[in-house]
Amino acid sequence: MADMLWIPIRLGDKYHIVIAVLIAIYWVVLSYWRGQTRKLRHIPTIGPDTPLISYYGAYKFLVDARGVISSGMERFPNAMFKVADMFQWMVVITDPKTVDEVRKLPDNVASSSEAHDEILQTEFTLGEHLSRNPYHVPIIRVQLTKALPQLLPDVREEVVDAFQELMPATNKWAKAMALDTMMKIFARASNRIFVGRPLCRNPEFIELNVQYSVDVIRTGIILRLLPRFLRAWMKPLISSVDNRFEQGLKHLAPLFAERRKAREQKGANYSSKPVDFLSWLMDEAKDEEQTDWYLNSRILMINFASIHTSSMTFTHAFLYLATYPEYLKPLRDEIEEVVRRYGWSKDALDQMYHVDSFLKESQRLTPLTNLLIQRVLVKDHLFSDGTLLPKGTTISVAAPSAHLNGEKYEDPLRFDGFRYVKMRERSDAAERKFDMVSSNIDSLGFGLGRHICPGRFFAASELKMMLAHIVVTYDVKLEHEGVRPPDFVRTFGLGRHACHGRFFATSELKTTLAHAVVTYEVKLEDMDVRPADRWIAASCLPNPTAQVLFRKHADI
Ligand code: HEM
């Protein structure tokens, strides 16, 4: 009898506990949203703004961020509006004057690191020491950029080898998964400059770096869905970041030891000291930053910052090239001419205006994300248009407001690969104003202001080197001429039965699809039909299933 009573009572307790926890979570979420909503009541909302129902808006934003932002721009031209993402309200800025104001805001008003810390949950993923002491940023901006003329021949060697391995040029058309192939090539070429040979060619190390970024993003998303007090506890159950970190150490610790030994024996500036990111890190690291753990974390971080950004940006351009193979001939003419004069050098890349324009135009239409320059206000701020935003508000700039502005760009939705060459020829502005690396309020692909991407000079050189290599080496086309592959978002379904594995699947696809682009003539099988990109929340992932057909360019 006692047993019979005990079981229902125990079960009942369990149910009570579950119900109590659900109610508690409901109230935490509700009051969080209420509090946030109350403070931002004066900012118009796209979608519902009632607590919890706003999650419908967040869902819409997840599957169609571009549509949500466009609707905001139409309804509230040049004014701020707010959209719900799964975790918070995001105030979106579209007015160029306000964008310029954001550009100038100091870190003690609008913090970029707080925005990163929240999105990536850096406390549990990359580590907060990176934003507390970002000494890698000037290294990237100054040392890496200055050394480019010296380093680019190594990048070229790596690019040529990697293409030969992953996209061997023959007379027969072959297929490559664009994004997957590109990710592998970027990982290899970039690590030649980060840690040198032979590690940059180690397939396990390359795969680790590609996967590490995916794990960090996935862990950030899942942890943000949980109440703060559960995050540390849940992390080991849902994340492989720590395992990847250990794998990184396994590969890198012997290299650190070797470099330290050489410094001890020959002095810090020994003549054969490698010119690479690791050497500069070791030169600048102080105290605990000199230890294996911290050095490992900076190397993984620079891979995180560069591989996916570069390969996504490049894959978009590669797909445009395969969609419009008529660009191959004029690009080839330019590349052959400047390489004849300057060899495969930094000077040559600087003269490749058409290559640069093609990449920049691709980035204009398909930037990394629709919402750039994300910042968290660390104090209340009154903007010059009279809008007061409270401390804690996340703000960001809508890339389409700048990149698709009809007053700045003629026929803004059309891909015009040589748009920036023409703009440059028509303008009497500074010679390099229309270069890919040049950011301004009309061109936000690398961000703007004090946190503008410090790696953009390296990235642009790498991208140009790869595009030029593809153009002179291959013919390219899309797989199904004239048939754009279906948008990936749809394949996850909608509503309560939407694929629960979509985040995982996306990550897997991103990594699996990543080998593809630099040395061939490429084209799409379905000519003139560029595979649909996938907009996941605000970010634009090139369709991960898109394949490009390539064969050796007939004249080589
Ligand atoms: C095409 C490739 C790339 C794109 C599109 C890109 C884009 C961006 C963007 C949009 C930001 C944020 C800027 C802001 O908030 O205002 C950023 C920041 C950053 N990028 Fe890049 N990036 C690329 C490649 C790279 C590479 C190759 C490196 C390293 C070598 C790098 C290192 C960084 C770092 C360290 C930051 C943070 C800067 C700071 O907080 O001050 N990026 N990047």
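Why is C453 buried? C453 is buried because 22 other C-beta atoms lie within 10 Å. A residue counts as buried if 20 or more other C-beta atoms lie within 10 Å of its own, as exposed if 12 or fewer do, and as partly exposed in between, with C-beta atoms placed from the backbone.

The model is predicted: local features need pLDDT of at least 70, side-chain atom pairs count only at pLDDT 80 or more, and totals for chains, interfaces and linings use all residues. Residues are numbered from 1 along each chain as its sequence is written.

C453 sits in the loop between α18 (419–426) and α19. Helices (H or I, at least four residues) and strands (E, at least two) are DSSP runs, numbered from the N terminus. Leaving aside residues up to four places away in sequence, C453 touches F446 and G447; a contact means that two C-beta atoms, placed from the backbone, lie within 7 Å. An unreviewed UniProt entry places the feature "binding site" at C453. Such annotations may be inferred rather than shown by experiment; their feature names are shortened and their positions follow the numbering used here.

Next comes the ligand. It is surrounded by 24 residues, of which the closest are S306, T309, G447, C453 and G455. A residue is near a molecule if its C-beta atom, placed from the backbone, lies within 6 Å of it. Two or more residues of this shell come from each of α6 (136–146), α13, β5 (371–377) and α19 (456–473). The largest share, six residues, belongs to α13.

The largest nonpolar core has 86 residues, and A178, I185, F318, L467 and V548 touch the most other members. Helix α13 (residues 292–323) gives this core its largest share, 15 residues. Apart from it lies another core, of 35 residues, including I46, I93, V376 and A399. A nonpolar core is a set of buried Ala, Val, Leu, Ile, Met, Phe, Trp, Tyr and Cys residues joined through C-beta atoms within 7 Å.

Last, the confidence of the prediction. pLDDT is the predictor's confidence in each residue, from 0 to 100. Its mean over the chain is 85, and 82% of the residues reach 70 or more.
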